[in-house]
Amino acid sequence: MALIKDIYSVTFYEKFGQTVAEVHSTFDKQKFIETIYKGDFAQKEWKERMKHTTVVLHQFMPQNFPEAVSLIDKIIENLKKNNFTDGNLAFIFFADYIETYGLDDFKTSAKAFVSITQFISCEFAVRPFILKYQEKMIDEMVKWSLHKNHHVRRLASEGSRPRLPWAMAIPFLKKDPTSILPILENLKNDPSEYVRRSVANNLNDIVKDNPEIVLEIASKWRGISKETDAIIKHGCRTLLKQGHPKILSHYGLESTNIELSNFEIKTPVVKVGDFLQFQFHLNNKNNEDKIIRLEYAVHYKKSKGHLAKKVFKISEKIYQPNQLTKIERKQSFKLITTRVFHTGMHQLSIIINGTESEALEFELID
C-alpha cells in the first residue's frame, strides 16, 4: 500500500511545476524540482515534505506577500483548469504558506483563506491567527459562516473548534467559547451535511470544558429540524458516553425497570490479535415502549497497571414492553497503530441508558 508521503512524487512536482509556469512567467520549473529534491527529501515524512514544499515554493514566489497570494489564486485556478481535484491533500501547502508567511498581514491572509479553502481546507492554518488576533479573527469567521460557499462556512466552524484534533488547541476558547457561538448559531440549519457535521464536532469540543453551555444549546435547538436534532445528538456524544444525567433526560433515556441478565464473557482469556466475545440478555420490564441506548465499556489495562475506560456503542432503539433480547458482541484485540495493548487483567461492563453494570474481568495474553 502506498504511503501518504508518496503523494509528493516526481510526477506530482512535474505537473505542479508546469501548472505554476503557465501563470508565473519567471518561474524556473527545473530549478524548483531540483531544489525540492536537494538534501534528505527521501527521508522526510509526509508533514515534513509538505512544509519543505512550502519553503521551496516561497523561494520562487514574489517576496511581497499580497503579490504572492494573488499568484496563488492564479495557480489554483490553473490547477482546476488542468483537472487537479480540489480537496487533494497534496495541496495543503497553500494553506501552510499563508500560516507561515502571512501571520503579520491579517487582511491579506483572511482574504486568502476564503479563496484557498474552496480548493484545500485551511482549518489548521487559521488557528495561529485565532491565537494572535483572537476576537478580531473570530469576528471574521462569523462573517465566513454566512458565506455562499460551503467550504468557507465549514472553515468558520472547523477552524474555530477549541480542541481540533491534530492541531494546536485554542486556550481562550476552551475557557470561554462564547465568541464562537454565533458561528454555530448561523450554521445550525446549514444545507450542507459537511458543514453541519463540523458544527456537531465543535459542540463536542465545547462539551469537554463547558458542558452546561452545550446543554443549554441542546435545549434551545431541540425540535427545530431533524438535521438540527442530529447535530445535537452527535455534538453531545461525549456526554452520552459519560452518562451525563441532563443529556440522558433530554433524550428520555431512563434505566428504570430495564433488566440486564446472563451477562457473560465467553472468552475469559484472550490472545492479542484475537477477539473478546461476550453476551447478555436485556429485558424492558416496563409496560410501555422504551428507548434504550446500549453501550459497553472496555477498561483497558495501561502500562502503569491502572485501568482506562473506553466506551463503545452497540445500538439505540425502541424496545417493546417486556421485550427480552439476547445480545452477542465481539471486541477486537488486533494490533493497530492507534492503540497499544498491555497483557494482564482487563474489565468489561455493559451500559444501559448511562447506567453501568458491574464489570467482569478477562485476561489478555500474548
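How many helices and how many strands does the protein chain have? The protein chain has 16 helices and nine strands. The model on the screen is a predicted one, and this tour visits its parts in turn.

**The whole chain**

Begin with the entire protein chain in view. Its C-alpha trace spans about 75 × 50 × 35 Å along the principal axes. Of the 366 residues in the chain, 48% are buried. The chain exposes about 18,300 Å² of area, and carbon and sulfur atoms supply 50% of that area. Consider next the contacts between residues at least 6 apart in sequence: 68% of these join residues at least 24 apart.

**The segment before helix 1**

Select Ile4, which is found in the segment before helix 1 (10-21). Ile4 counts as partly exposed because its relative accessibility is 45%, a value between the limits of 20% for buried and 50% for exposed.

Now select Lys5 and Glu45. These two residues form a salt bridge, in which the closest N and O atoms are 3.8 Å apart. Lys5 lies in the segment before helix 1 and Glu45 in the loop between helix 2 (29-36) and helix 3, so the pair ties together parts that are 40 residues apart in sequence. Lys5 is buried, at 13% relative accessibility, whereas Glu45 is partly exposed, at 46%.

**Thr53 in helix 3**

Move to Thr53, found in helix 3 (residues 46-59). Is Thr53 buried or exposed? Its relative accessible area is 0%, so Thr53 is buried. To see what is in contact with it, select Tyr8, Tyr13, Ile36 and Phe93; these are its contacts once neighbours within four places in sequence are left aside.

**Helix 4**

Select residues 65-81, which make up helix 4. This helix has 17 residues and reaches 25 Å from its first C-alpha to its last, close to the 24 Å expected at 1.5 Å a residue. At its N-terminal end, display the side chain of Asn64. Asn64 caps the helix, with a side-chain oxygen 3.0 Å from the backbone nitrogen of Glu67.

Which residues of helix 4 are buried? They are Phe65, Ala68, Val69, Leu71, Ile72, Ile75, Ile76, Asn78 and Leu79. When reading such a list, recall that an α-helix has 3.6 residues a turn, so residues three or four places apart point the same way. Among the elements that cover the buried residues of helix 4 are helix 1, helix 5 (93-101) and helix 6 (106-116). Helix 4 is followed by Asn83, which has a positive phi, near 65 degrees.

**Further residues with positive phi**

Most residues other than glycine have a negative phi. Two further stops concern this angle. Select Trp166, in the loop between helix 9 (150-159) and helix 10 (171-175). Trp166 is not a glycine, and its phi is positive, near 60 degrees. Its relative accessibility of 83% means that Trp166 counts as exposed. Then select Asn322, in the loop between strand 5 (307-319) and strand 6 (324-332). Asn322 also has a positive phi, of about 60 degrees, although it is not a glycine.

**Salt bridges**

A search of the whole structure finds 26 salt bridges. Select Glu288 and Lys290, whose side chains meet in a salt bridge at 3.7 Å, N to O. Glu288 is partly exposed, with a relative accessible area of 45%, while Lys290 is buried, with 13%.

Where do the two partners lie? Asp205 lies in helix 12 (residues 193-207) and Arg161 in the loop between helix 9 and helix 10, so the pair ties together parts that are 44 residues apart in sequence. Asp205 is buried, with 2% relative accessibility, and Arg161 is buried, with a relative accessible area of 7%.

Conventions: Residues numbered from 1 in each chain as written. Predicted model: local features only at pLDDT ≥ 70, side-chain atom pairs only at ≥ 80, totals over all residues. Heavy atoms only, no water. Helix = DSSP H or I, 4+ residues; strand = E, 2+ residues; numbered from the N terminus. Buried < 20%, exposed > 50% of the residue type's maximum accessible area, 1.4 Å probe, protein only. Expected span 1.5 Å × (residues − 1). Contact = heavy atoms within 4.5 Å. Polar contact = N/O pair within 3.5 Å; in protein donor to acceptor, adjacent residues only side chain to side chain. Areas by Shrake-Rupley, 256 points an atom, 1.4 Å probe, with all protein chains shown as cover. Salt bridge = Lys/Arg side-chain N within 4 Å of Asp/Glu carboxyl O.
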